[in-house]
Amino acid sequence: MLIKVSHPHPIKPSEITPESTFRDRRRFLLNMGLATASATLGGCDSPSSDRATNIGQASLTVNKTSAMAGGENVTAYEDITHYNNFYEFGTGKQDPARNAGRLRIRPWSVVVDGECEAPGHIDIDDLINPQALEERIYRHRCVEVWSMVAPWTGLPLAELLKRFRPTSNAKFVAFYTLFDSQQMPDTARGVLNWPYREGLRIDEAMHPLAFLSVGLYGRVLPNQNGAPLRLTIPWKYGFKSIKSIVRIQFTERRPATTWNQLASEEYGFYSNVNPAVDHPRWSQARERRLGELFKRKTLLFNGYPEVASLYSSMDLRTFF
Ligand SMILES: Nc1nc2c(c(=O)[nH]1)N[C@H]1C(S)=C(S)[C@@H](COP(=O)(O)O)O[C@H]1N2
Ligand SMILES: [Mo]
C-alpha cells in the first residue's frame, strides 16, 4: 500500500548541517601519491592511516584508486557514516547509524535474472575479490541539497552485469533492497513501498562511472551506508544509489522506482543532478557539502559531464 506522506523530504536547516558537522571540522585531503597499485589502505605505517582512525571495519585491498571529484576534500568518515538516508532503519539522519547494526550481512547473495542468457546469483564473498576491487573518489549529492565526497571501494556495475549476458531485450535494469521486517522494524510504518527499488536504463547502468560499492574509506562498507552491496551513481541524486541489494533484474520495460511511486511529480525516473531543474518544493541550484558552512553551486550531472551523451536527445525538464 502506498501512503502519501506530505513531506517525504522536509528541509530543516538543522538537518542539513547537523551539529556534529560543525563540531567535527577535521578534513582529509587525500594524497593521491599514495594511490599506487595494491595499496592496502589503513596500514599503520602509511600516511593514509589517518583516514582509517577509529574505523572499526576490516580493511579491503584495492588495485587502484581514481580520484573523480575534481581534487575536492574528502568528507570526514564520521559525517559520511552518521548522516544517512536508509528509511528501512528510520527516517532521521542519525537513525541508520543507530539501527542498521541489526542487519545481518552474511550469508548474502544477489539474484540476477530477467532478460539475460545466464541468470543466476552471486555470493557477496565471491564479489569481494581483491583483484577486481578499485577505489573511486566520487561526489555524491542528495536531492535534499546536501553532498559529500566519499572514497568508495567496489567494481564497475557493467563488469557484474556482463557476466549474466543481458539479451537485446534488456532495456533497463531494476534493483531491489532486502525487505525483512524482522531486521527492519521501521518498515512497519509503511513510509515507503517496500522493498525499496530503483532502476536505470541499460546504457546508464553500463556507463563506466556506474559503480557497485562494497567498501568506504578502504574498509568494509558500514551497514548504514548500504552493506554489503550498494549502487553508487555519482551523477544522479542519492536516492538512485540503492542500498543492501538482493536482486538485480534485466527488464524490457521501465521498472517502477520507490520515490517515483511515492511522488512522481517530485522524483522522476532519471533524477540526474541538475541545478536548472528545481524540485517542486525547493531549489536544486545550490548544495551544502557536509562539514562546510557555506553552500556551493550544484553542477550539471553533479560535475560529471562525460555522461551528457546519454541524454543528448532528451529534454531534461521533461525527463527529470
Ligand atoms: N534501500 C535504501 N536505499 C537507499 C535509501 C533508502 O532509504 N533505502 N536512501 C537513498 C537516499 S535518499 C540517499 S541520499 C542515499 C544516501 O546514501 P548514504 O547514506 O550512503 O550517503 O541512499 C539511497 N539509498
Ligand atoms: Mo537522498
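Which side chain has an N or O atom 2.8 Å from a nitrogen atom of ligand 1? In this predicted model, that side chain belongs to Glu-88. The legends below begin with the whole chain and then turn to close-up views.

**Figure 1. Overview of the predicted model.** The protein has eight helices and 13 strands. Of its 320 residues, 57% count as buried. Among contacts with a sequence separation of 6 or more, 74% are between residues 24 or more positions apart. The protein exposes about 13,600 Å², and carbon and sulfur atoms supply 52% of that area.

**Figure 2. Polar surroundings of ligand 1.** Glu-88 places an N or O atom of its side chain 2.8 Å from a nitrogen atom of the ligand. Tyr-87 takes part through its backbone, with an N or O atom lying 2.8 Å from an oxygen atom of ligand 1. Lys-243 uses its side chain, a polar atom of which is 2.7 Å from an oxygen atom of ligand 1. On its own, ligand 1 has 530 Å² of accessible area, and the protein covers 100% of it.

**Figure 3. The space and the residues around ligand 1.** Ligand 1 takes up the space of the largest cavity. There are 17 residues around the ligand, and those that come nearest are Asn-84, Tyr-87, Glu-88, Arg-230 and Lys-243.

**Figure 4. Gln-224 in the loop between β9 and β10.** The loop runs between β9 (219–220) and β10 (230–232). Gln-224 has a relative accessible area of 11%, and because this is under 20%, Gln-224 counts as buried. The side chain of Gln-224 reaches the backbone oxygen of Thr-81 at 2.8 Å.

**Figure 5. Glu-265 and Phe-320.** Glu-265 is located in the loop between α8 (258–262) and β12 (286–289). With a relative accessible area of 44%, Glu-265 is partly exposed, whereas Gln-224 in the previous view is buried. The C-alpha atoms of Glu-265 and Phe-320 are 9.4 Å apart in space, while the two residues are 55 residues apart in sequence.

Terms used: Residues are numbered from 1 along each chain as its sequence is written. Chains are lettered from A and ligands numbered from 1 in the order in which they are written. This is a predicted model: local features need pLDDT of at least 70, side-chain atom pairs count only at pLDDT 80 or more; totals for chains, interfaces and linings use all residues. Side-chain values use heavy atoms; hydrogens and water are left out. Helices (H or I, at least four residues) and strands (E, at least two) are DSSP runs, numbered from the N terminus. Buried means under 20% relative accessible area, exposed over 50%, partly exposed in between (1.4 Å probe, protein chains only). A polar contact is a pair of N or O atoms within 3.5 Å; within protein, one must be able to donate a hydrogen and the other to accept it, and residues adjacent in sequence count only if both atoms are side-chain atoms. A residue is near a molecule or strand if one of its heavy atoms lies within 4 Å of it. Accessible areas come from the Shrake-Rupley method with a 1.4 Å probe; for residues, only the protein chains shown count as cover. On a 1 Å grid over the protein atoms alone, a cavity is a set of points where a 1.4 Å probe fits but cannot get out, and a pocket is an open set with protein on both sides within 12 Å along at least five of seven lines; lining residues have an atom within 4 Å of a point. A molecule sits in a cavity or pocket if more than half of its atoms lie within 2 Å of its grid points. Contact means heavy atoms within 4.5 Å.
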